[in-house]
Number of protein chains: 2
Amino acid sequence: MKNFDFYNPVKILFGEGKIKEITNEIPSDATVMVTYGGGSIKRNGVFSQVMAALDGFRVIEFGGIEPNPKYETLMKAVEMARSEKVSFILAVGGGSVIDGTKFISAAIPFKGDDPWHILTMGDKVEVTQAVPFGTVLTLPATGSEMNMFAVVSRNSTTEKLSFGHPLVFPKFSVLDPVVTYSLPVNQIANGVVDAFVHVIEQYLTYPANANVQDRWAEGLLQTLIDIGPQALANPMNFDVRANLMWSCTMALNGIIATGVPTDWATHTIGHELTAFFGLDHAVTLSIVLPTLMRETREEKKQKLLQFAKRVWGIDVGTEDRKIDEAIEKTEAFFQSMGIKTRLSNYGITEDQLTPIFNRFDERGWKLGEMKTITSERIKKILLAAL
Amino acid sequence: MKNFDFYNPVKILFGEGKIKEITNEIPSDATVMVTYGGGSIKRNGVFSQVMAALDGFRVIEFGGIEPNPKYETLMKAVEMARSEKVSFILAVGGGSVIDGTKFISAAIPFKGDDPWHILTMGDKVEVTQAVPFGTVLTLPATGSEMNMFAVVSRNSTTEKLSFGHPLVFPKFSVLDPVVTYSLPVNQIANGVVDAFVHVIEQYLTYPANANVQDRWAEGLLQTLIDIGPQALANPMNFDVRANLMWSCTMALNGIIATGVPTDWATHTIGHELTAFFGLDHAVTLSIVLPTLMRETREEKKQKLLQFAKRVWGIDVGTEDRKIDEAIEKTEAFFQSMGIKTRLSNYGITEDQLTPIFNRFDERGWKLGEMKTITSERIKKILLAAL
């Protein structure tokens with residue numbers, strides 16, 4: 001096992017009817033900016049529950065944060081928050097609203113030249129303050145509700161970049177499975193796949209003798225495989241939605257990443273597919289992961305065999321056959337969630353990939369837990385996914 | 001799944017050589033009281049690492065905190081801390097030192113008549129302040145390094161009682177597996193059993209449709225079964241000790257208890273065996289759990305079958321036979337750790353149990369996740385364990 005630090009101070013309020021408890025979690029003299037997305041929260045009753053809980057607070061609204069939240073949009077919220085002297089933010093939405101809110105939270109008091117540097121300059125830019133915020137999660141998927149990471153896109157440069165800082169841990173997150181009942185099935189499917197791939201990125205690497213972390217990752221994968229189809233079939237089953245919500249949160253709150261190598265190549269490649277073609281995040285993961293697993297089967301051999309056995313129960317055949325079968329079952333699972341796993345399913349052709357290949361060539365990044373996924377291999381991975 | 005809140009802000013510093021990092025975690029102007037037990041830390045190099053990290057701080061020592069820490073001892077530390085104006089405590093030891101330090105931390109600024117009320121009056125006594133503290137864990141077992149609970153004994157009344165409060169979460173805990181290399185085998189065995197039973201108390205109840213929590217509990221049990229014998233046989237294997245340390249911490253940091261019923265009857269009964277006979281905590285758990293499982297096999301039937309299948313791989317036979325086999329394997333596992341599982345192994349006879357029976361009769365407590373374990377059934381459990 002590798003050395004590690006673990007710290008996660010997010011308070012979770014989980015269960016039916018918990019939205020009302022946010023009243024006790026926000027300083028009573030706060031000016032609260034409520035951030036949200038396209039407005040579905042005004043149709044499904046979440047917004048009215050939130051506003052009832054915020055009775056007595058000074059409240060500012062900022063709606064319209066889009067999927068893959070855009071820098072251009074978020075900077076409008078930053079300006080509004082500065083002029084209204086907002087002292088607390090409440091993000092009501094899924095990963096995009098929460099990620100966008102993390103950026104807003106850090107950008108409001110940012111002292112540097114350009115808040116975009118929070119995303120581009122890594123450790124070289126100093127985030128020393130952030131406006132505190134909580135979340136009411138409406139879409140189980142990204143895990144953003146219990147971590148300190150955010151991904152933000154910028155239209156003007158076709159970029160999708162991430163940052164992380166302990167100051168942007170949510171102070172609290174409300175997880176009420178009931179609010180997910182009205183979600184469209186494709187969003188639930190995306191959430192299942194997103195959480196599944198989050199776990200894979202922290203598990204399917206090389207053996208690190210981290211028994212608990214392996215067992216917990218496998219437990220999350222088994223749970224998602226069990227409940228994924230049920231979550232699509234029975235939208236109002238509380239326990240299924242509760243298990244989905246908790247799986248998604250546990251998949252990316254840092255606990256299964258303790259002491260182990262992580263990969264994140266599927267995400268890095270997938271982000272470019274979103275940046276260039278506007279594909280849903282989970283769709284990009286479903287496209288990239290199966291061919292990435294095939295391309296890296298030698299590096300990942302031991303863990304692929306463990307994954308085959310413990311997660312899929314594959315116990316017979318040659319090692320190669322077991323690995324093939326595990327990859328086939330994984331791809332079939334994504335398809336069973338209603339997600340097509342080929343670039344051509346989305347009308348994307350080989351020549352359209354050239355700008356992505358060029359970008360990875362220019363960057364010269366080496367991805368994966370062993371830094372062995374060069375731009376040449378990224379090309380092979382994407383061409384195999386056509 | 002049940003509604004729940006989850007909050008655990010303890011920062012974990014895990015790995016070889018991490019003790020030196022405590023320098024950055026303690027306010028630089030602090031007067032630090034270092035609390036410890038019998039002095040083994042002065043022989044195994046831990047104390048000198050700690051003192052090197054505390055170079056430049058004003059440091060006060062308080063040693064001699066005994067196993068099952070005593071109120072009488074801890075109050076001496078409270079007096080010393082008050083007169084020396086201690087502003088930070090560093091607990092260096094196992095669960096007893098850490099539990100004792102939690103009590104010291106809450107008792108120093110306690111405003112009520114008698115600090116013993118922290119333990120006896122539950123929610124009726126108000127803990128509003130605590131002196132902040134961190135820990136350097138030397139004995140993986142109790143999980144106290146990452147939770148807000150403590151158990152304290154009092155000689156004058158033969159009592160062993162617990163309390164919990166968010167103010168007594170450690171600010172940080174250092175988990176360096178190397179410091180466990182010099183532990184006596186019986187202490188390692190006790191740690192394995194203690195963690196195992198912690199998991200069982202949060203898992204072996206009735207089904208709550210909490211898939212992740214079940215999988216994670218099973219993963220911890222499987223890990224302890226795998227590494228327990230290795231930890232005894234290979235004291236200097238880093239990965240084995242690292243897995244043991246992490247298992248013990250994860251077993252009782254609240255995460256597997258989210259949304260599920262919990263039992264704690266084995267602990268409650270075991271505490272009396274320690275209070276009256278001075279048996280090691282883990283020994284009492286090894287004695288009580290097997291007969292408690294037999295006594296409550298109807299209430300716990302579904303989870304016992306799940307435990308038999310997923311943890312022990314028991315797949316054939318009648319339901320009754322599977323349950324018998326799971327209980328036998330559990331008891332045999334404790335014995336394989338070198339712990340004898342019968343009261344008579346420790347020279348305890350039936351008539352010596354009378355004061356314990358009387359105490360439970362007087363209290364009238366009903367224990368277990370369904371509150372079905374009456375004093376009559378506690379008698380049966382203990383008599384069956386003779």
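**Two chains, sheet by sheet**

Trainee: How many residues sit between β7(A) and β8(A) in their hairpin?
Mentor: This is a predicted model, so keep that in mind as we go. In the turn of this hairpin, A:T158 has a positive phi of about 50°. As for the stretch between β7(A) and β8(A), the number of residues is four.

Trainee: Which residue of chain B has the C-alpha nearest the axis?
Mentor: Stay with the axis that relates chain B to chain A by a turn of 180°. In chain B, the nearest C-alpha is 2.1 Å from that axis. It belongs to B:P9.

Trainee: Which element of chain B gives the most residues to the side that touches chain A?
Mentor: The contact involves 33 residues of chain B and 33 residues of chain A. On the chain B side, the elements giving two or more residues are β1 (4-6), β2 (11-14), α7 (211-233) and α8 (238-251). One of them gives ten residues, the most of any, and that is α7(B).

Trainee: How many residues on the side of chain B that touches chain A are nonpolar?
Mentor: The copies meet through the same surface, because 100% of the interface residues of chain B are also interface residues in chain A. On the chain B side, eleven residues are polar and seven are charged. The nonpolar count is 15.

Trainee: Which residue of β1(B) is the bridge partner of A:F14?
Mentor: Here strands from both chains pair up: β2 of chain A, residues 11-14, runs antiparallel to β1(B) over three bridges. A:F14 is in one of the bridged pairs, and its partner in β1(B) is B:F4.

Trainee: Which are the edge strands of the seven-stranded open sheet?
Mentor: The order is β1(A)-β2(B)-β9(B)-β6(B)-β5(B)-β3(B)-β4(B), and the pairing is mixed. Inside it, β6 (133-137) and β9 (172-175) of chain B pair in the parallel sense over three bridges, with B:T135 opposite B:S173. An edge strand pairs on one side only, which here picks out β1 of chain A and β4 of chain B.

Trainee: At about what angle does helix α4 of chain B run to β5(B)?
Mentor: Helix α4 covers residues 95-107 and lies across β3, β5 and β6 of chain B. Its angle to β5(B) is about 160°.

Trainee: Is A:A257 buried or exposed?
Mentor: A:A257 lies in the loop between α8 and α9 of chain A, and it touches A:Q202 and A:T262, leaving aside residues up to four places away in sequence. The cut-off for burial is 20 or more C-beta neighbours within 10 Å. A:A257 has 21 of them inside 10 Å, so it counts as buried.

How values were computed. Residues numbered from 1 in each chain as written. Chains lettered and ligands numbered in written order. Predicted model: local features only at pLDDT ≥ 70, side-chain atom pairs only at ≥ 80, totals over all residues. Least-squares fit on C-alpha atoms with pLDDT ≥ 70 in both. Contact = placed C-beta atoms within 7 Å. Pairing = 2+ DSSP bridges. Buried ≥ 20, exposed ≤ 12 C-beta atoms within 10 Å, placed from the backbone. Nonpolar A, V, L, I, M, F, W, Y, C, P; charged D, E, K, R; others polar. Axes fitted to C-alpha atoms, helices over the stretch in contact; angles between N-to-C directions.
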